[in-house]
Every structure is written in structure tokens, then in C-alpha cells.
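Q: Please take a close look at the pockets in this structure. What lines them, and how does the ligand site read beside them?

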Amino acid sequence: MSAGAAAAGPWADPGARLLVTGGAGFIGSWFVRDVLARRDGTRITVLDKLTYAGSEANLAPVRADPELAARLEFVRGDIADRDVVGPLVAAADAVVNFAAESHVDRSILDPEAFLVTGVIGVHVLLEACRLERDRALAGERAVAPRLLQVSTDEVYGSVETGSSREGDPLAPRSPYSAAKAAGELLVRSYVVTHGIDAVVTRGSNTYGPYHHPEKLIPLFITNALDDLPLPLYGDGLQRRDWLYVADHAGAIEHVLRFGATGETYNIPGSAELTNREVVAALLGRLGKPWSLVRSVADRPGHDRRYAMDGSRLAALGWHNRMPFREGIAATVDWFVANEGWWRAIRSGDWDAYYERQYGARLAGSTRAD
Ligand code: NAD
Ligand code: DAU
């Protein structure tokens with residue numbers, strides 16, 4: 001999207017009323033915990049469907065603090081439900097949309113929910129923002145709400161060399177990333193056509209505490225703690241640029257406050273590494289052997305590499321704080337100390353998912369030396 005006027009509005013003030021959709025997930029809950037912990041009067045309503053990936057346990061630290069708890073409202077509901085979304089957007093200064101189906105492997109197995117949330121859900125949020133913009137124009141509210149759409153580096157597709165800039169063509173290659181690209185394009189269309197105030201962020205591979213155990217880093221940490229095999233896809237030389245969750249959440253808040261209307265901002269990580277390098281780092285921290293790693297059949301359409309240019313975000317004044325070496329140590333230590341959290345998630349439907357995703361792969365696996 002092209003640059004617009006610099007941000008200024010109630011969403012940027014202490015005491016803002018934020019609607020955080022998907023705020024019971026990994027990155028969304030970090031954002032909620034962080035913003036409320038500033039104790040600046042900001043009030044947050046979380047709208048979350050509590051899919052398999054969302055948990056109110058992720059907001060427990062807020063509930064445990066009476067002052068923070070008083071400024072958090074939790075609504076269980078779907079961003080694709082206009083009856084739920086309308087009144088919540090009407091009461092908000094800004095909407096930060098984290099809600100999505102977020103796991104690439106699941107989008108290969110069962111894509112429909114990705115489209116319903118990523119396309120229809122975003123459409124419903126946009127229609128609610130459009131209505132509020134009309135109310136602002138009619139003098140029925142002071143300022144229209146700002147929408148921040150949380151997107152991903154995966155919309156650029158696999159980047160063999162160099163790094164993606166915000167104006168590069170979108171070339172998603174999985175149902176997950178195609179749905180995320182569609183959501184972004186809808187946002188842009190409402191900025192251009194209806195003049196709503198929206199910004200988009202494209203974040204890199206994020207890791208840290210509260211990361212759902214289906215993803216590479218937490219899956220391998222929790223499997224290794226139980227001395228289970230670690231299913232490494234293909235040759236394990238795929239490259240990702242790892243971003244600590246506190247840096248991702250902080251950058252999103254920075255863009256919400258200071259981003260220019262209609263603009264898109266890459267949020268790169270702090271370390272481009274092969275999957276093998278990541279696995280070696282987490283095993284080293286755990287003191288577990290590489291012999292746990294198994295080479296398994298690759299992910300279909302597996303993107304080889306992601307890398308983004310971060311100069312636009314840097315010019316806005318944001319810089320990551322957490323180096324990978326420290327971030328992975330903190331993450332491993334958190335999973336070691338929070339066994340109850342991840343064991344609760346690795347129960348119920350977990351075994352059926354694990355068997356479907358990894359059963360045949362592990363049966364046909366080889367050593368990953
Ligand atoms: P997550 O899967 O941990 O959390 C998603 C949350 O959204 C869950 O709480 C879930 O219950 C909720 N949700 C799903 N569908 C919903 C619906 N229809 N209505 C309301 N709530 C719904 O995901 P995450 O890793 O925290 O990612 C958050 C956002 O950031 C996503 O939009 C994702 O595409 C994007 N992103 C993630 C990463 C990453 O590495 N994790 C990187 C870049 C961008
Ligand atoms: O790049 C941003 C994206 O990062 C986000 O938009 C997604 O929501 C998020 O899930 C993540 O996607 P990835 O597919 O890159 O992450 P994942 O943790 O699933 O996989 C990371 C790498 O590890 C990838 O190359 C696939 C590989 N992998 C993953 C799993 C789950 C394995 O080798 N084995 C596994 O079991």
C-alpha cells in the first residue's frame with residue numbers, strides 16, 4: 001500500500017480502547033499482556049473463538065492481577081460473525097486483528113477454516129470499520145477506528161535470494177499464505193475504496209513462550225523433553241528469519257501508534273538460520289542429543305526461504321531487542337518451567353492430529369545426520 005498521512009488519534013493515546021481479535025493466541029496474548037502491563041489506562045477487549053490454538057490460560061497473568069484484570073474484557077466469538085463484531089468495533093478506538101488459522105501444515109490438510117477466518121472474517125471486520133467511518137463522518141463518533149491487520153512474510157512466497165520489500169509482488173504458495181494475502185488485499189481495497197484507516201504488518205517467523213506446540217520450535221522442545229523423535233522435513237536446510245515474540249508484539253504496537261494510514265510494514269527477525277541450526281540450538285540448551293532428530297518426508301510446496309527488508313520499520317523508529325541466542329534460551333527455559341501449560345495442549349485432539357501429520361512420516365523416517 002502507499003504511504004498516507006502520519007498516524008494521530010485516540011488509538012495512539014494512553015487509555016485507548018483496543019479490540020484485539022485472536023488475543024488468546026500466541027502473539028495476540030503477548031500483545032495483550034504487554035500493553036496492559038504498562039498500566040497506562042488502556043482497556044482491551046479480546047474477541048477470540050478459542051479454536052484449538054487459543055486458550056484463556058494465555059491470559060492468566062492478566063487475570064491474576066486485579067488492576068489489569070479490570071481493564072480486560074474477554075468475549076468468546078468469531079470474527080466472521082457480524083452480530084458479535086459490530087458492537088465491539090463500535091466501542092473501539094482501534095482493532096488489532098491477530099485472528100487467523102496460523103499453521104501451514106493444517107492448511108494443507110484442511111484449508112476451509114483458513115479461508116473463512118482469513119477472508120470472510122477480515123471482510124466482516126472491514127465492514128464494521130466502514131460503518132464506524134460513516135458514523136464518524138456523520139458526527140456520531142469523534143474519530144473512525146484504526147484497523148491493524150497482522151499479516152506475514154509468507155505472502156511474498158519463497159525468497160531464494162535477497163530480501164522482500166513491501167512493494168514486491170505477493171506470491172503465496174500455501175493455502176495459509178494465500179488466505180493471508182487475500183485478507184491483506186481486502187484491507188487495501190477498503191483503504192482505497194472506502195477511505196478506512198488501516199495499516200498492515202508482515203511479521204517474520206515468531207518464537208517464544210506460549211507458542212503452540214504444533215510449530216517447529218515448541219514441537220521439538222516438547223518432544224525432546226519426552227525423548228520422542230523430532231520430525232525434520234526434507235533436508236532441514238530451509239531458512240527462516242526468527243523474531244522473538246516480544247519484538248513482534250512490540251513492533252505491532254509501534255506500527256499501530258505511529259504507522260502511516262494505508263501503509264504496510266515488514267517486521268523482520270533478528271536471525272536468519274537453517275532449520276538444522278535452530279534445532280541444534282534448542283537441543284544444546286536442553287542438553288539432548290541430535291540422535292533424536294529424524295529426517296521425514298517434506299512439507300508439500302515447502303517454502304525454502306523467507307527474508308524481509310526492514311528499513312521502512314526502522315525509519316519509523318522500531319528496532320528488535322532480543323538476539324536469537326538469548327531468545328531461544330529463554331524459550332527453552334520457559335517450556336521446561338511450564339510443563340503443565342504444554343501438556344494440557346498436547347492432550348485431547350492432539351494425538352489424532354499428530355498421527356495424521358506425522359504417523360506415516362515417522363514410520364518412513366531416516367537418520368538426519
Ligand atoms: P495462533 O494460532 O497462536 O492464534 C490465533 C488465535 O486466533 C487463537 O487464539 C484462535 O483461537 C483465534 N482465532 C482463530 N480463528 C478465529 C476466528 N474466526 N475468530 C476469532 N478468533 C479466532 O496464531 P499466532 O501464531 O499467534 O499468529 C497470530 C497472527 O499473526 C496470525 O494472523 C498469523 O497469521 C500472524 N503471524 C504469525 C507468525 C508466527 O510466526 N506465529 C508470523 C507472522 C504473522
Ligand atoms: O514466516 C511466518 C510464518 O511462520 C507465520 O505466518 C506462520 O503462522 C507460522 O506458523 C510460521 O510458519 P512456518 O511454516 O515457517 O513455521 P513452522 O514452525 O510450521 O515451520 C518452521 C520450519 O520448520 C519450516 O521450514 C517447516 C519446518 N518444520 C516444521 C514442523 C512443524 C519441520 O521441519 N518439522 C516440523 O515438524
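A: By class, the lining of the largest pocket consists of 8 nonpolar, 2 polar and 5 charged residues (nonpolar: Ala, Val, Leu, Ile, Met, Phe, Trp, Tyr, Cys and Pro; charged: Asp, Glu, Lys and Arg; polar: the others, Gly among them). The model is predicted, so local features need pLDDT of at least 70 and side-chain atom pairs count only at pLDDT 80 or more, while totals for chains, interfaces and linings use all residues. Residues are numbered from 1 along each chain as its sequence is written, chains are lettered from A and ligands numbered from 1 in the order written, and side-chain values use heavy atoms, without hydrogens and water.

The space in the largest pocket comes to about 310 Å³. A pocket here is an open set of points on a 1 Å grid over the protein atoms alone, where a 1.4 Å probe fits, with protein on both sides within 12 Å along at least five of seven lines; lining residues have an atom within 4 Å of a point. Its volume is the space filled by probe spheres set on the points, which are joined across faces, edges and corners.

Of the 15 lining residues, Y52, E101, R106, D349 and Y353 lie nearest the centre of the largest pocket. At least two lining residues each come from helix 5 (104-109), helix 6 (112-137) and helix 14 (350-363), and helix 14 gives the most, with 4. Helices (H or I, at least four residues) and strands (E, at least two) are DSSP runs numbered from the N terminus.

The second largest pocket holds about 200 Å³. Strand 1 (17-21), strand 2 (43-48) and strand 3 (72-76) each supply at least two residues of its lining. Among the lining residues are R17, R43, R71 and E73, and the classes divide into 7 nonpolar, 1 polar and 4 charged.

Around ligand 1 there are 29 residues, with I27, D48, S102, Y176 and K180 coming nearest (near: a heavy atom within 4 Å). That shell has 11 nonpolar, 14 polar and 4 charged residues. A polar side-chain atom of Y176 is 2.6 Å from an oxygen atom of ligand 1, a polar contact being a pair of N or O atoms within 3.5 Å. Ligand 1 alone exposes 840 Å², of which the protein buries 96% (Shrake-Rupley method, 1.4 Å probe). Helix 1 (26-37), strand 5 (146-152) and helix 7 (175-194) are the elements giving two or more residues to the shell, and strand 5 has the largest share, 3 residues.

Key: A polar contact is a pair of N or O atoms within 3.5 Å; within protein, one must be able to donate a hydrogen and the other to accept it, and residues adjacent in sequence count only if both atoms are side-chain atoms.
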